[in-house]
Amino acid sequence: GLSLLTGSGNDAVSVTNLTASGANLVLFTTGNGNPFGAVVPTIKISSNTALFRKKPDWIDFNAGEIINGADLTDELFEYVIEVANGKQTNNEKNGYKEISIFKDGVVL
């Protein structure tokens, strides 16, 4: 089945919460880029093409082309299915696997 969950705003804490709640795969949107990866496959989706080009080892899917009128619905769906069937995300390829239950300091 499909479950949609929400968590805190901090990257590592929120994805840890999602994973602890039973998520097997995370779609993670980012505007600045982040090498973070959870203990489950974490698909990084860039909000802009410049980020996708600047950080190709961190970003899995470029959603930036939506601003140019591209319909990426089928492309993203197919990519999610590929990952669900075993294709590695960049965080898996690069060995980024983190958990965080609490974060000290300010969370923006």
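Is Lys87 buried, exposed or partly exposed? Lys87 counts as partly exposed, at 38% relative accessibility; buried means under 20% relative accessible area, exposed over 50%, and partly exposed in between, with a 1.4 Å probe and protein chains only. The model is predicted, so local features need pLDDT of at least 70 and side-chain atom pairs count only at pLDDT 80 or more, while totals for chains, interfaces and linings use all residues. Residues are numbered from 1 along each chain as its sequence is written, and side-chain values use heavy atoms, with hydrogens and water left out.

**Stop 1: the salt bridge**

The term stands for a side-chain nitrogen of Lys or Arg within 4 Å of a carboxyl oxygen of Asp or Glu. Side chains of opposite charge can pair when their charged atoms come close. Glu82 is partly exposed as well, at 37% relative accessibility. The structure holds one salt bridge.

**Stop 2: the sheet**

Next, select β1, β2 and β3. Helices (H or I, at least four residues) and strands (E, at least two) are DSSP runs, numbered from the N terminus. The three strands form an open sheet in the order β1-β2-β3, with parallel pairing; two strands pair if DSSP finds at least two bridges between them. β1 (26-30) and β3 (61-62) are at the edges and have a single partner strand each, so one side of each lacks a neighbour in the sheet.

β1 and β2 (residues 42-46) run parallel and are joined by five bridges.

Now show helix α3 (residues 73-84). α3 packs on the sheet and touches β1, β2 and β3, where contact means heavy atoms within 4.5 Å. The direction of α3 makes about 160° with that of β2; axes are lines fitted to C-alpha atoms, for helices over the stretch in contact, and angles run from 0 to 180 degrees between N-to-C directions.

Colour β1 by face: Val26, Phe28 and Thr30 are on the covered face, Leu27 and Thr29 on the uncovered one.

**Stop 3: the cores**

Which residues make up the largest nonpolar core? Select Ala12, Val15, Leu18, Ala23, Val26, Phe28, Phe36, Ala38 and Val40, nine residues. A nonpolar core is a set of buried Ala, Val, Leu, Ile, Met, Phe, Trp, Tyr and Cys residues joined through side-chain atoms within 4.5 Å. α1 (11-20) and β1 each supply at least two residues, and α1 gives the most, three. Another core, of eight residues, lies apart from this one and includes Ile43, Ile45, Phe61 and Tyr79.

Stay with Phe28 and Phe36, both buried. Their ring centres are 6.2 Å apart and their planes at 40°, so the pair is tilted. Rings of Phe, Tyr and Trp (its six-membered ring) pair if their centres lie within 6.5 Å; planes under 30 degrees apart count as stacked, over 60 as edge-to-face and the rest as tilted.

**Stop 4**

Select Thr49, in helix α2 (residues 49-54). Thr49 is buried, with a relative accessible area of 12%. Leaving aside neighbours within four places in sequence, Thr49 is in contact with Asn62, Gly64 and Glu65.

Finish at Ser100, in the segment after α4 (90-93). Ser100 is buried, at 16% relative accessible area. Not counting residues up to four places away in sequence, Ser100 touches Ala12, Val13 and Thr16.
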